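User: I would like to go through this structure term by term, and to hear for each label what value stands behind it.

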Amino acid sequence: MNKNYTGIDYFRFIASLLIIAIHTSPLTSFSETGDFILTRILARVAVPFFLMTSGFFLISRYAYNDNKLWIFVKKTDLIYGSAMLIYIPINLYNGYFGMDNLLPNIIKDIVFDGTLYHLWYLPASILGAVIAWYLVRKFDYQTAFIVTAILYFIGLFGDSYYGVAEKIGVLGGFYNLIFQISDYTRNGIFFAPIFFVLGGLIADNRRKNEFRKSICGFSISFALMFIEALILHFCNLQRHDSMYIFLLPCMYFLFNIILHFRGKRIKWFRTLSLIIYIIHPIMIVVIRLFAKLLHLEGLLVDNSVVHYIMVCLSSVAFGTAVTVLWTKYRPKKVMYDSATDRAYIEIDLNNLEHNVRTLKKAMPPKCRLMAVVKAQAYGHRAYEISTHLEKIGVRSFAVATIDEGISLRKYGIRSEILILGYTSIYRASELKKYNLTQTLISFEYADALNRQGVMVKAHIKIDTGMHRLGISSDDFSDIKKVFAMKNINVCGVFTHLCCSDSSMPDDIAFTRGQIDDFYNLIDNLKESSISIPKLHIQSSYGFLNYPELKCSYVRTGVALYGVKSLPDDNIELQFDLRPVLSLKSQVVLIRQIEKGDTVGYGRRFIAERNSRIAILPIGYGDGFPRSLSDGNGKVLIDQYIVPVIGRICMDQLAVDITDTEDIAVGDIATLIDTEGCTELSADVVAKNSGSISNELLCRMGVMKNKLCKCIIPKNK
Ligand SMILES: *Cc1c(COP(=O)(O)O)cnc(C)c1O
């Protein structure tokens, strides 16, 4: 994703000046119509723009949990609370606290209308964010858009189309009821949610920014909005003028145009525009007071243009001063990253994207990549990997368990998800609820699942020699029966090869036999006039060594993560796959030991010379195998590869740095590398630990979510 949101930064500033225009009517002294066009049509893009910006950064189909929303709500609450306090003197002056039914009115104002006219924006953005968030997360963009569009449509008839509603008796009554609770329909329920949804929609679906199309779309929809507004105005239908039908397409295209601008970010524009928004009504009061004192009312107040300019200048000056002071004196958090101060994994999503592209290119046309993301995506973190894969177009996933499948759904994954392993038949309704596809591991299992009375999507697994899961390819009549089961929707048939990684002639012959058995079975099914669903056979090595097979899917696990299982594996199809995961820690202590001293449990390391050792706070509790003790393991610090000495502990280990210079406390130590240090590539480290990279990487699944740092691809 592109991180340079310069366009947004600049437009924030423009939008805040447009909002001042709405509140000061700069053209009234000259032309009523001109002022209408400026403040009731043109400037009406400002508030939706702010809402969309919040939606753009906040709303996403993909989320690990609801934290992001609550942080936003808390922050906006804080700003709202402060703004209300600032305006109490003006409330007092206006006699606000003397109104009838004070308490209900204050509550109404706090929730919907704001305690001063412009403050409605803050509660609206809180309500709008919450509504949009839950709609997008629980359903999808389409549903969220439809629901919020209906809300907006209802709002329209209490706003700029009120004249129409008023004439229809029942409707008029309905809106009057609404106005008891909120003075306008331009609020957090009817107005704000759709702009949050649109912002999120643009953020989640960013591909090429089609600048010309956006310009074209904007011009047309703006022209239509212009006509719409003038008609409503001259027919005198408007009760208020914040909501137009064509405002929606207008904002959609405008936002895309704004995103087109790239360059250096000016982050403080964000604070500046917020402050201008909040304080400009005070500046209006100040300018009026000032004018009165200097007897310049004729110029500073009655001339609407000069008045507007003065309010803008003073608001910008005040805003800039506060922003500068704030940046300088705000309580500074020490830039300290608790996620990376001990042990963490780093996920390079660039490399993941590269692998997906490379694998897809090598696959037959019509064959889909099924991303195997079981065991926390081989330790890479299921959330980061699966959401990114879906964003770049992967539409099939495989997991080992139903709970992994449910987690993916909760992260926002909408693609098909195949469960490769066993699921209790008593969870059939969950399979249906989360739209998960179950592997049928035996005939008896399929039969029992069918009897649960819940329609379930399934793939039949065929055992062709692995003898783990599946119905034997010899049991033709059983397999045929499964197709006839009432509650089983057979969407696929597959098998698994058990020695496709081997280049031994016997193993190759065995694999060929498995493949033949599978296709014979399929031919027999065809002859019994069963319509053949999706077929798949190959996992990573199956594909790399038998790329000629034509299937509906390739189930890629280890290859997707860019590593071989073992360094010496021979592979038919050679291409450049790049490792995704690296494991890192840092030096926390360096100490000197004397010749003859020992290090660690069991005194397994005895110094043969005076030595320097470094302690790293990472151990087998973090997934780094204990079998890498006593020099089996190596670590990269600066440009040095140094040996692990003594036994690896649960959460720390020691390395010998006697032969190095300049290594210091705080230096990063790499234990699994992605950048071409072959001695530390996952397959070599795995081999040294007596295992394969699949297992080594899986172990990283013990890392807490926050101990994962992502390298995110830049927009091309
Ligand atoms: C785990 C698994 C895969 C993925 O295997 P890789 O060798 O990592 O590509 C494919 N199919 C099945 C049935 C699996 O269990």
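**Labels and the values behind them**

Analyst: Helix 7 is mostly covered, with 13 of its 18 residues buried. The model is a predicted one, in which local features need pLDDT of at least 70 and side-chain atom pairs count only at pLDDT 80 or more, while totals for chains, interfaces and linings use all residues. Residues are numbered from 1 along each chain as its sequence is written, and side-chain values use heavy atoms, with hydrogens and water left out.

User: What makes a residue buried, and what makes a run of residues a helix?

Analyst: Buried means under 20% relative accessible area, exposed means over 50%, and partly exposed lies in between, with a 1.4 Å probe and protein chains only. Helices (H or I, at least four residues) and strands (E, at least two) are DSSP runs, numbered from the N terminus.

User: How does the span of helix 7 compare with what is expected?

Analyst: The expected span is 1.5 Å times one less than the number of residues. Helix 7 (residues 121-138) reaches 25 Å from its first C-alpha to its last, close to the 26 Å expected.

User: Why is helix 3 called largely enclosed?

Analyst: Twelve of the 13 residues of helix 3 are buried, so the rest of the structure largely encloses it. Among the buried residues are Phe 49, Phe 50, Met 52 and Phe 56. The end C-alpha atoms of helix 3 (residues 46-58) are 18 Å apart, which agrees with the 18 Å that its 13 residues should span.

User: What makes the contact of Glu 346 and Lys 709 a salt bridge, and which parts does the pair tie together?

Analyst: A salt bridge is a side-chain nitrogen of Lys or Arg within 4 Å of a carboxyl oxygen of Asp or Glu. The side chains of Glu 346 and Lys 709 meet at 3.5 Å, N to O, and therefore qualify. Glu 346 lies in strand 1 (residues 343-348) and Lys 709 in strand 20 (residues 708-711), so the pair ties together parts that are 363 residues apart in sequence. Glu 346 is buried, because its relative accessible area is 9%, whereas Lys 709, at 37%, counts as partly exposed. In the whole structure, 23 salt bridges are found.

User: How do you know that Lys 481 and Asp 478 are about one helical turn apart?

Analyst: Lys 481 and Asp 478 are three residues apart in helix 23, which means a separation of about one helical turn. The two residues form a salt bridge, with the closest N and O atoms 3.8 Å apart. Asp 478 has a relative accessible area of 18% and is therefore buried, while Lys 481, with 47%, is partly exposed.

User: Where do Asp 656 and Arg 609 lie, and how is each one classed by accessibility?

Analyst: Asp 656 forms a salt bridge with Arg 609, the closest N and O atoms being 4.0 Å apart. The pair links distant parts of the chain, with Asp 656 in strand 18 (residues 653-656) and Arg 609 in the loop between strand 14 (605-606) and strand 15 (611-616), 47 residues apart. At 13% relative accessibility Asp 656 counts as buried, and Arg 609, at 37%, is partly exposed.

User: Which residues form the nonpolar patch on the surface, and what makes a patch?

Analyst: Patches are made of residues with over 30% relative accessible area and no salt bridge, where like charges are joined within 9 Å and nonpolar side chains (Val, Leu, Ile, Met, Phe, Trp, Tyr) within 5 Å. Phe 290, Leu 293, Leu 294, Leu 296 and Leu 299 form the nonpolar patch, with about 490 Å² of accessible area together, areas being computed by the Shrake-Rupley method with a 1.4 Å probe and, for residues, only the protein chains shown as cover. Phe 290, which lies in helix 14 (residues 268-293), has a relative accessible area of 42% and is therefore partly exposed.

User: Why is His 295 called exposed, and what is its phi?

Analyst: His 295 counts as exposed because its relative accessibility is 68%. His 295 lies in the loop between helix 14 and helix 15 (297-302), and has a positive phi of about 55° although it is not a glycine. Most residues other than glycine have a negative phi.
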